[in-house]
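I opened this entry to record what I looked up, one feature at a time. I begin with a loop and then turn to the helices.

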Amino acid sequence: MAHSREIINIQAGQAGNQVGESFWGMLLAEHGLDKSGFYHGDDPLQLQRTGVYFDEIDSGSKVKYVPRSIQVDLEAGVCNRLRGGAMGSLFRPDTYLTAEVGAGNNWAKGFYTEGAELIESILEIVRRQSEPCDALQGFQILHSLGGGTGAGLGSLLLSKLREEYPDRMLATFSVLPSPKVSETVVEPYNAMLSIHQLVDSSDLTVCIDNEALYDICVRTLKNKTPEFQNLNNLISRVMCGVSTSLRFPGQLNGDLRKLAMNLIPFPRLHFLIPSYAPFYDPKSSSFESKSIPELTKALFDRKNMLVACDPRFGRYLTAATIFRGKISSREVSVHDLQTKNSNSFVEWIPDNVSVSLVTVPPVGQTQAAIALSNSTAIQEVFKRTSESFSAMFKRRAFLHWYTGEGMDIMEFSEAESNVHDLIAEYQQYQEAETGDAEEYTYEQDTEVEEQDEQ
């Protein structure tokens, strides 16, 4: 196995563990491994860099590949299902960590009371997983922001990892509340408190929301009654796509740090919109066009995005595209797309779309493409959550559940103003012209100089 830059996966809460199950299933298929972690593939490329997500363990005559993953939940149900399911023998038994009480959709329980009791044990497992790594690249956390465990304990975990591993990448795949598909009444509270933490603790947050996933399943894949399994499958495609160039050799390589370097022009604006192409109805696959320009165009189309926001109402600060399959760099016409839609991209970052090419396509497809876009249109998602939050917070509805766990009302106000600032920053860069940027930096420099003189 070639030298790999390792990633540790942490899945928190019900959503995190269900998405994680789907993600590992897809990862095993791409690397030719069975549900127990034994190799049955026929392509040497599959094993070349399995070390990114798997530890190699000799078990008798065969080599077993064990995921570098930690499964956390404040109630045991989902983890028990994972243990007793098809992948039960895949994960290390000591990487499951559950409590009995549950967070009951309460962010404060996950962050302050129930979650705080578990956090040391979780960090101990993280240390055990990270010590054998040669070149730990970072962590990826799978969680949702609407509940108690994924949101509360997920946020606590992020801040602790940031303290303990300050120089490692922290990427999160966060399921945001969606406007029409809401599971809990207190979702806006939990989401706002989580976004407040994500702004400061995370390096890279890939935003996903259920409504956009439902739309893709119903409209494009023609599945009239999608289940969570179908939605999680879409998320897994993007997750596998993002890490493809780490796991397989390609013409233009990328990794978490390179992604962040090219995608995040300002540290607070690290919320990314994922998209995937091609999505099509399995029955009509033989009628679908396979041209690369169309694949590229689809990546920037609202119908292929995994977040319910409209990119036409914002501008792209940056974007990263990852093409999978036998595609030559001459075919990839991202520059043409930028030229045709120049109004959609900010002009003060000249070449703002990066391209990675990886020769290994997803299982069952000949080619595919994934994009992560840093667009100012994401503010729509934050505005929606903020409005729902304000409506309840004005009347102090449901607050006693949070203050009862030791939270201060000031934390709610801080979270609200931090998210408002974030929305304002996105708006400022959306409206910024090249000339403005020069004046802006000049003003900033003079302010700094004046402060130094004082």
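The peptide bond from Ala277 to Pro278 is cis, with omega near 0°.

I noted that this is a predicted model, in which local features need pLDDT of at least 70, side-chain atom pairs count only at pLDDT 80 or more, and totals for chains, interfaces and linings use all residues. Residues are numbered from 1 along each chain as its sequence is written, and side-chain values use heavy atoms, with hydrogens and water left out.

I then checked two residues other than glycine for phi. Asn105, in the loop between β5 (96-98) and α4 (107-111), has a positive phi near 55°, and at 34% relative accessibility Asn105 counts as partly exposed (buried means under 20% relative accessible area, exposed over 50%, partly exposed in between, with a 1.4 Å probe and protein chains only). Arg396, in the loop between α14 and α15 (399-403), also has a positive phi, of about 55°, and is partly exposed at 43%.

Last, I turned to helix α6 (residues 149-164), where the 16 residues should span 22 Å at 1.5 Å a residue, and the end C-alpha atoms, 21 Å apart, agree with this; the expected span is 1.5 Å times one less than the number of residues. I found 12 of the 16 residues of α6 buried, among them Thr149, Gly150, Leu158 and Leu161.

Conventions. Helix = DSSP H or I, 4+ residues; strand = E, 2+ residues; numbered from the N terminus.
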